[in-house]
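Dear colleague,

I am passing on the structure we spoke about, and below it I set out what was found. Please read the notes with the coordinates open beside them.

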Amino acid sequence: MIRMTLAEIAERTGGRVVNAAPELEVTGGVEYDSRKVGPGGLFVAFEGEKVDGHKFAAATVEAGAAAVLSTRDTGQPGVVVAEPLSALAALASAVVDRLDKLTIVGLTGSSGKTTTKDYIGQLLSRLGPTIAPAGSLNNELGFPYTVLQATTDTRFLVLEMGARGIGHIRYLTNIARPRVGAVLNIGAAHLGEFGSVEGTAKAKGELVEALPADGVAVLNADDPLVAGMAPRTVAKVVLVGESPAAAVRATEVVVDGAGRASYKIGFEGKTGNVRLGVAGRHQVANTLAAAAVALSLGMGLEDVAEALGEVGIVSGRRMDVFTRADGVTVIDDSYNANPSSTTAALQALASMGEGKRTTAVLGYMAELGPHERSGHEEVGRVAAELGVDRLIAVAPEAGPIVDGARAVAGWTGEATLAPDQAAAIEVLKGDLRDGDVVLVKGSRYRTWDVVDSLRGEEESR
Ligand SMILES: Nc1ncnc2c1ncn2[C@@H]1O[C@H](COP(=O)(O)OP(=O)(O)OP(=O)(O)O)[C@@H](O)[C@H]1O
Ligand SMILES: [Mg+2]
């Protein structure tokens, strides 16, 4: 964070200074995990369900923290506020207000926010000091936490924005208003909360509504619900995609045997060649969005094309591909799953597994609401239509995946329902051979053990 006195912090957060002179300065970072607080930092104590952060206040100060932000007096130097989340938001806004050389980039969408945020971070780092921390810090806690990492040196701040309902993104844009905003896609993610893709579009479009007149809205030309957001912004609209309507356009897309796409990127009458090192056809859309952001912030097309060839996976378990010593290739896409991202991953599996034996280990997809059954059946059908050789659905809730696959006429593959991850691991153990390609995907912890076991076998070799 930038340097701030306790008096300033108290003023912005509506709190009061305790156990310290108001002139005491916070010179380090803001952390809510007591183990992460560094010298001169500010520890924010949350009262969690299991752990009360206030208990660690003294230890953080002992370890060098300058002060504590808390909801009650901990006896340590600090500021006492009514509610820590709003205080964090207010503090983040205060930081942004002071940094006039900062350009804020926000991005949202149903799938690929973290992946694309990492790409944008890697591109913009070439233009100047950039904050785009690894991970998925996209909610009312992670967003201001990320903002608070900006300092007077920072030129670009790249913020992932998630929404679980109407007004959520507006809340985030009120903390830190982006000048460049990208909406990637509207899919079936978090449908449970929104009810429909139109509801999702309404919520995600709040990002472009918040952009200023001198801002840039990067919208996916190939996704009608996203392209349809254009009238909702006063910012300049830059369409990206493969359709002729796109201002930043990919043509001649080719996917190689390792699932990596190459394409020709066109912008303002010029073209460049992009050869991606990351796997998955869907990375074309993600990298185009990243390209549009970089182009709108002054990077030349040639540099963008070259830099895209070098972007890598920063946040783990997202199309994280590794090949074991025994020749088995594993696609770890187990961070999260919904029907759109699972379809994308299955397509990657199919292209990487051409002429090889392919296995998809698919776990339960959370948050599908009324589409729970149909969503699972759909990915099973897609897997079978893509000719996946072996499908292992994990846990009874994922059962409709098997039903969906078996309903595809002419599919010669085999579908199994493993009652849990241990059973899926058992099925795979000893049955993988040189050349096999295995995709592991699900909603978070529901398939993580499977991929860790596959990795573990590798490591214990
Ligand atoms: N453009 C895309 N279309 C479909 N799937 C994608 C796309 N980009 C990434 N994915 C897949 O979606 C999953 C989630 O990726 P990522 O974490 O980048 O998305 P996110 O939007 O940040 O998700 P979350 O809502 O959990 O924050 C991964 O499995 C990834 O491979
Ligand atoms: Mg994310």
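In what follows, contact means heavy atoms within 4.5 Å, and angles are taken between N-to-C directions, from 0 to 180 degrees, with axes fitted to C-alpha atoms. Please bear in mind that this is a predicted model.

With that in mind, helix H1 (residues 6–13) lies across E2, E5, E6 and strand E7 (78–80), and its direction makes an angle of about 15 degrees with E7. These strands belong to an open, five-stranded sheet of mixed pairing, ordered E2-E7-E6-E5-E4, in which strand E2 (16–18) and strand E4 (30–31) are the edges, each pairing on one side only. Within the sheet, strand E5 (residues 42–44) runs parallel to strand E6 (residues 67–70) and is joined to it by three bridges, with leucine 69 of E6 as the bridge partner of valine 44.

Further along, helix H11 (residues 283–296) and helix H12 (residues 301–308) have axes that come within 10 Å and cross at roughly 145 degrees, in a right-handed crossing. H11 contributes Thr287, Ala291, Ala294 and Leu295 to the contact, while H12 contributes Leu301, Val304 and Leu308; six of these residues are nonpolar, one is polar and none is charged.

Finally, helix H14 (residues 372–385) reaches 20 Å between its first and last C-alpha, close to the 20 Å expected for its 14 residues. Its buried residues include Gly375, His376 and Val379, and among the elements covering the buried residues are helix H13 (339–352) and strand E20 (390–394). Just after H14, glycine 387 adopts a positive phi of about 80 degrees.

Note on methods
Residues numbered from 1 in each chain as written. Chains lettered and ligands numbered in written order. Predicted model: local features only at pLDDT ≥ 70, side-chain atom pairs only at ≥ 80, totals over all residues. Heavy atoms only, no water. Helix = DSSP H or I, 4+ residues; strand = E, 2+ residues; numbered from the N terminus. Left-handed = near helix turned anticlockwise from the far one by under 90°. Nonpolar A, V, L, I, M, F, W, Y, C, P; charged D, E, K, R; others polar. Expected span 1.5 Å × (residues − 1). Buried < 20%, exposed > 50% of the residue type's maximum accessible area, 1.4 Å probe, protein only. Pairing = 2+ DSSP bridges.
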